[in-house]
Amino acid sequence: MFALICILFILPQSEITSADDILIITSASSPLDAVSKRELRQLFLKKTDTIQRNRVTPIQLKTDHPIRQQFDQLVFGSPFNAENYWVEQKFLAGEAPPVEVTHEAFVLIFVKRNEGLIGYVHKNLIGEVKRLGLKVLTLKPKG
Amino acid sequence: MRNLFSLWPIILALTITAQETPTTTWQEQSQPDRLQFGGWMDLLYSNTDHGADDSYFDLPHIYAYADAHFSDRWRGFMEMRRVNAPGSKEDTGFERLYLEYRHGIPLKIRVGRFNTPAGLWQHMHWAYTIDSTEKPLIEQKHFFPTESDGIQIFGTLVNGMSEVEYSVFGTYQGENNTFNSSNEMGYGFDLNVNLWERSKTGLFFQNFQFEGQKLDPNPGTRQTILAYNETQLIPMKLLWRTEYLYLDRDEADSLSGYYSKLRYNFNARWFLNYRYDDTDIPEPNQQIRKQHANTLTLGFHATSFLRLRAEVSQSKTELETETTTSSIWIGYRF
């Protein structure tokens, strides 16, 4: 765990250049290898809690985080307004958004410690992802 | 060095996380607030072309809710309302009051008072969440009970390209401040399929007992059928929606009506909405008249707490002159 904490000291400041710079990650034991954008949409909008018959739980960054904005752009397209969507879901169905964290480090830690979580981080963190033994999911070209 | 200082909260959190026992679960670490409070209120200025006496400037709605998560599966929800909108009686009471059991996204059960799961507009009928200030005529006329006291079983099933939302409900009583249904059993369902995340098509059916009211003094068994479709003509940009309602009134002539609308999103904050309404209106003398309306709305979501709308609506009933209503609406969420 000490090594893990040390990793955080050297986490680079993520600089997003395009939506392709995002890594979709899950725990190493997950049978999933690839996900589609549609599956991610359904998961992060809480319309499902399974992907390819595997039980999964989304974890995401806060709405003002640049990587969250790039992820939303990648998965939902423009002009999706996540804040408005969840405000309305709260009124209509009492649904709360997926758990949000403030920093990619928390995504890494939570995904490492909890089987079935799916999150995302910047590709600059590939080294930490490998060090923690997490699995990077391929984004299916269609859907 | 500044970066190191900025990481202190994270290091602290991780140290605490690391010291937790291995039995600490994701649910324990990520549990949202067990008890949440919230609500919204709005301010409306509206004016019809009948003269200055018809203008309205007030707070038409105040809604407040308490949402209690007793566990991962059990939840209680209470919502109170105070309504003083133009064209409706002043009303204070429970909008929703239910206990919910969540087996998972595909299966949830509610017991208590819930909104009748009827189509698209009714599902999001709060002034804060809809995209026009004037309601569709088929909703204004209260052809069926919009609140139900009973049990609702509902959920969402996802299978590849399609999403299916279903709801089955049984009611002991369904009523609101403008509707009278008797204290007898009613039942119904709502089923819709969303294909390719582009087009949602559904059907709502409800059977209930009606006691009669001023404009529609025909008691008896009634059946409501609502067919609806919502299609993203241009994904996230241009939406088309239609809901068609048919009401079987037992001994009296049946009623029908529909609305159709287009909504264009300029961006995540601005939108333009146009709706055409056409419906039958019952009268105490058993006659049925036609009413239609055109409504144009410009909407702006200023922040996640503040929404604004400017609207013009023209409505015409058979044998009557046209009425134009202009309005400015501001909604605030708290």
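The following conversation looks at how a few terms apply to a predicted model.

Guide: Because this is a predicted model, local features need pLDDT of at least 70 and side-chain atom pairs count only at pLDDT 80 or more, whereas totals for chains, interfaces and linings use all residues. Residues are numbered from 1 along each chain as its sequence is written, chains are lettered from A and ligands numbered from 1 in the order in which they are written, and side-chain values use heavy atoms, with hydrogens and water left out.

Visitor: What makes up chain B in terms of helices and strands?

Guide: Chain B has four helices and 17 strands, where helices (H or I, at least four residues) and strands (E, at least two) are DSSP runs numbered from the N terminus. Among contacts in chain B (heavy atoms within 4.5 Å) between residues at least 6 apart in sequence, 51% join residues at least 24 apart.

Visitor: Why is the pair of B:W74 and B:Y101 called tilted?

Guide: A search of the whole structure finds 20 aromatic pairs over all chains. Rings of Phe, Tyr and Trp (its six-membered ring) pair if their centres lie within 6.5 Å, and planes under 30 degrees apart count as stacked, over 60 as edge-to-face and the rest as tilted. The centres of B:W74 and B:Y101 are 5.0 Å apart and their planes stand at 55°, so the pair is tilted. The two residues are 27 apart, B:W74 in strand β4 (residues 74-83) and B:Y101 in strand β5 (residues 91-104) of chain B.

Visitor: How do you know that B:W74 and B:Y101 count as partly exposed?

Guide: B:W74 has 40% relative accessibility and therefore counts as partly exposed, and B:Y101, at 24%, also counts as partly exposed.

Visitor: What makes B:F77 and B:Y98 a stacked pair?

Guide: Their ring centres are 5.5 Å apart and their planes are at 25°, so the pair is stacked. B:F77 lies in strand β4 of chain B and B:Y98 in strand β5 of chain B, so this pair ties together parts that are 21 residues apart in sequence.

Visitor: Why is B:M236 called partly exposed?

Guide: B:M236 has 23% relative accessibility and so counts as partly exposed. Its place is in the loop between β11 (220-234) and β12 (238-249) of chain B, and its phi is near 70°, a positive value in a residue other than glycine.

Visitor: What makes B:D250 partly exposed?

Guide: At 39% relative accessibility, B:D250 counts as partly exposed. B:D250 is found in the loop between β12 and β13 (252-265) of chain B, and although it is not a glycine, it has a positive phi of about 65°.

Visitor: What makes strand β3 of chain B mostly covered?

Guide: Seven of the nine residues of β3 (residues 61-69) are buried. Two strands pair if DSSP finds at least two bridges between them, and seven bridges join the antiparallel strands β1 (residues 35-48) and β3 of chain B, with B:G38 opposite B:Y65. With β4(B), β3(B) pairs in the antiparallel sense over nine bridges, among them the one between B:H61 and B:V83, and these two strands form a hairpin with four residues between them.

Visitor: What makes β2 and β6 of chain A edge strands?

Guide: Six strands of chain A form an open sheet with mixed pairing, in the order β2-β8-β1-β7-β5-β6. Its edge strands are β2 (34-35) and β6 (99-101), each of which pairs on one side only. Within the sheet, five bridges join β1 (residues 22-26) of chain A to the antiparallel β7 (residues 117-122), where A:T26 has A:I118 as its bridge partner.

Methods: Buried means under 20% relative accessible area, exposed over 50%, partly exposed in between (1.4 Å probe, protein chains only).
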